[in-house]
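Me: I would like to go through a structure with you. Could you take my questions one at a time?

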Amino acid sequence: MSESQRPTKDANRKKVAAPRTAREVALQVLTQVEEDGAYSNMQLHGALQRSELKGADAGLATELVYGTISRLSTIDYFLEPFVAKGMKKLQPWVRNLLRLSFYQLYYLDRIPAHAAVNEAVNIAKKRGHQGISGMVNGVLRNVLRRKDELKLPEHLPAAERIALEHAHPQWLVERWISQYGEEVTNAMCQANNEPPSVSVRVNQTKLTRDELLSQMHVAQVDAIPSSLSEDGIIVRSGGNMALTDWYRDGRLSIQDESSMLVAAAVDPKSGMRVLDCCAAPGGKSMHLAEKLGLKGEIIANDIHPHKAKLIEDQAIRLGLHTIRTTTGDALEMQSLYPAASFDRILLDAPCSGLGVIRRKPDLKWAKQAEDIEDISKLQLELLERTASLLKKDGILVYSTCTVEKQENEELIRTFLKKHPEFSEAEPILQGSSNASRAEIGLQILPQDYHSDGFYIARLVKLG
Ligand SMILES: C[S@@+](CC[C@H](N)C(=O)[O-])C[C@H]1O[C@@H](n2cnc3c(N)ncnc32)[C@H](O)[C@@H]1O
């Protein structure tokens, strides 16, 4: 049979009625993520837009998707003995229905057990035959009966225990133990299962942080200043900030607190020429432009042509006029600009993303050790090629949203060995106890400030 004749996975899939309830939407997303390797955030966004779910129901669907993916391996471990033929042999939608129902029964206090079980049985009846709904009913009622017995075994070796307790792949836990030790790894895996906090960056070209904070308090938004960044505000409750007038008219942007440290590390001064090599969707370029003022230029480059518009739209929204977007491979920038063209360079490199597991829990299941190997080779090449574009005494900032040393301080150590014309510049957040997590640069872990895991190295080009 030729490739074109072979029935696709989609063709084999039974037609299913459009999901209507929060649990149906969550089930559809979880099944797509498992079957197609789709990203949960994009699938969920699309599924919520197509559904008519609003407010609390949309919130429940979101919680069920992220919660179930976050706790996946622990949920499967507990469910396995209850499923006669084993979890692996179930159809994907049945497996995911059991998982999201178990998540409600075991991890959520506010949902009455009978509601979780009845909803699951109704979905199973709608989608499968009598046998499946009977099996789902039996498994979930057994889980409920024996809930108090569901404990992890004692005296497991550290990596196995942490992997099972906090639902992370064991190879990743072993890697982190070898990099950070048992205690820090345990805290990191625990923090990766906590909901991410919401933070916004004030556009200080339009108003001060205190002014925005007072406007928020008048509107009864529970918000406090960030202790990490002078431009940051933590929003503890008050709705979706992307739907506010503050966002629409460019008074704020949504950005994680640790990402806000990057512009402070680049420290652009009036009149400077700054290259942001990997700029899309543009959060850090915008912050750089907000700090630069009216004179100077930020070249916001990205390899993907369609992403230039994302950057331009943000610049228009925020009223920033010093941003120029370009499309190109940062590995080839030397052919576009003469050596020593820029006062500041930011390389916010593509990375494994293992610092943002709280926001994208599927990452921990999707990544493999080889991905870290491959991406670190690209990162070093990007760094070496772009570094020649920096002027003498200029500052180059290298950043990633990962906690992997191979992509962070080990990579910078290798670079500095090969390039004696560079050395570490005065680091940001000096004196912070977390700054000592890395010998070179600043390594923030998710448990340090409840922000994303993030790395920033600040290098200076010597004469
Ligand atoms: C970590 S993201 C950048 C986030 C961005 N700095 C921000 O704050 O919004 C990495 C970006 O690098 C881009 N990229 C990947 N490889 C690249 C390359 N060789 N040259 C230029 N950009 C690249 C990707 O398209 C992606 O948008």
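Predicted model: local features only at pLDDT ≥ 70, side-chain atom pairs only at ≥ 80, totals over all residues.

Me: Where does UniProt place the "binding site"?
Reply: The unreviewed entry lists residues including Lys284, Asp329 and Asp348. UniProt positions follow the numbering used here, feature names are shortened, and annotations may be inferred rather than shown by experiment.

Me: Is Lys284 buried or exposed?
Reply: Lys284 is buried, because 23 other C-beta atoms lie within 10 Å. The classes are buried at 20 or more other C-beta atoms within 10 Å, exposed at 12 or fewer, and partly exposed in between, with C-beta atoms placed from the backbone.

Me: And Asp329?
Reply: Asp329 counts as partly exposed, because it has 14 C-beta neighbours inside 10 Å.

Me: Which residues is Leu346 listed with as contacts of Lys284?
Reply: Setting aside neighbours within four places in sequence, Lys284 is in contact with Leu346, Ser259, Val262, Ala263, Asp276 and Asp348. Contact requires C-beta atoms, placed from the backbone, within 7 Å.

Me: Turning to the backbone, which residues does a cis peptide bond join?
Reply: Ala280 and Pro281, with omega at about 5°.

Me: What is the phi of His155?
Reply: Phi of His155 is positive, about 60°, although this residue is not a glycine. His155 is exposed, because it has 5 C-beta neighbours inside 10 Å.

Definitions and conventions
Residues numbered from 1 in each chain as written. Contact = placed C-beta atoms within 7 Å.
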